[in-house]
Amino acid sequence: MPSARPTSPKCLFIAWMLGWATAVYLPSLVIALLSLSPLASGGNLLLDTFQVADEVSPAAKLTYAALFGALVMSARVGGAGRRLPVNALIGVVSIALVVALLPEYWSRGFGIGLNGVRFDPLPTAIYLIGGLAGGVVFSLSEAKCLSRSQAPTLHQ
């Protein structure tokens, strides 16, 4: 009988946070780089990135985090497991739902709150790529954490 894949709430949480940070800060970096936000002064890319990310409303950040976590858990309960393509797709779907459904008054600095257009092609593409990258980072981070936590028990 095959053994169940290892699981660790600690690894899940760390990977979730790293995936979330990627989905927030990677688009902020690209938006700052392309000067799509009035906060991007062009003086210091790192500072501009953090200013753009800081301007994104807490509602957008928390909604993405909650959707991503809920969809990951639903996929696992549904038998999809920890596959990278599944997690990457979940990242894209989560960010797309936030862009599509978050009301304008909760969208400061994000989606429709960035420039008044809900599905502006360039920012939307940037967000979707950020969601994809967030899912990939989540998947790889969790796998690495699980392999590290298993290493001591395998050597005993």
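1. Basis. The model is predicted; local features need pLDDT of at least 70 and side-chain atom pairs pLDDT 80 or more, while totals for chains, interfaces and linings use all residues. Residues are numbered from 1 along each chain as its sequence is written, and side-chain values use heavy atoms, without hydrogens or water.

2. Cavities. The whole structure holds two cavities of 30 Å³ or more. A cavity is a set of points on a 1 Å grid over the protein atoms alone where a 1.4 Å probe fits but cannot get out; lining residues have an atom within 4 Å of a point.

3. Largest cavity. Its volume is about 120 Å³. Among its 14 lining residues, Ala23, Val24, Val56, Phe110 and Tyr127 are the closest to the centre. Helix H1 gives the largest share of this lining, five residues, and helix H3 (58–77) supplies at least two. By class the lining has 11 nonpolar, two polar and one charged residue.

4. Second largest cavity. This one has a volume of about 40 Å³. Helices H5 (112–115) and H6 (121–155) each give two or more residues to its lining, with the largest share, three, from H6. Tyr127 is one of the lining residues here too.

5. Ser28. This residue lies in helix H1 (residues 9–33); helices are DSSP runs (H or I) of at least four residues, numbered from the N terminus. Beyond neighbours within four places in sequence, Ser28 is in contact (heavy atoms within 4.5 Å) with Thr49, Val52 and Ala53.

Technical notes. 1 Å grid on protein atoms, 1.4 Å probe; cavity = no way out; pocket = protein on both sides within 12 Å on 5 of 7 lines; lining within 4 Å. Points joined across faces, edges and corners; volume = space filled by probe spheres on them. Nonpolar A, V, L, I, M, F, W, Y, C, P; charged D, E, K, R; others polar.
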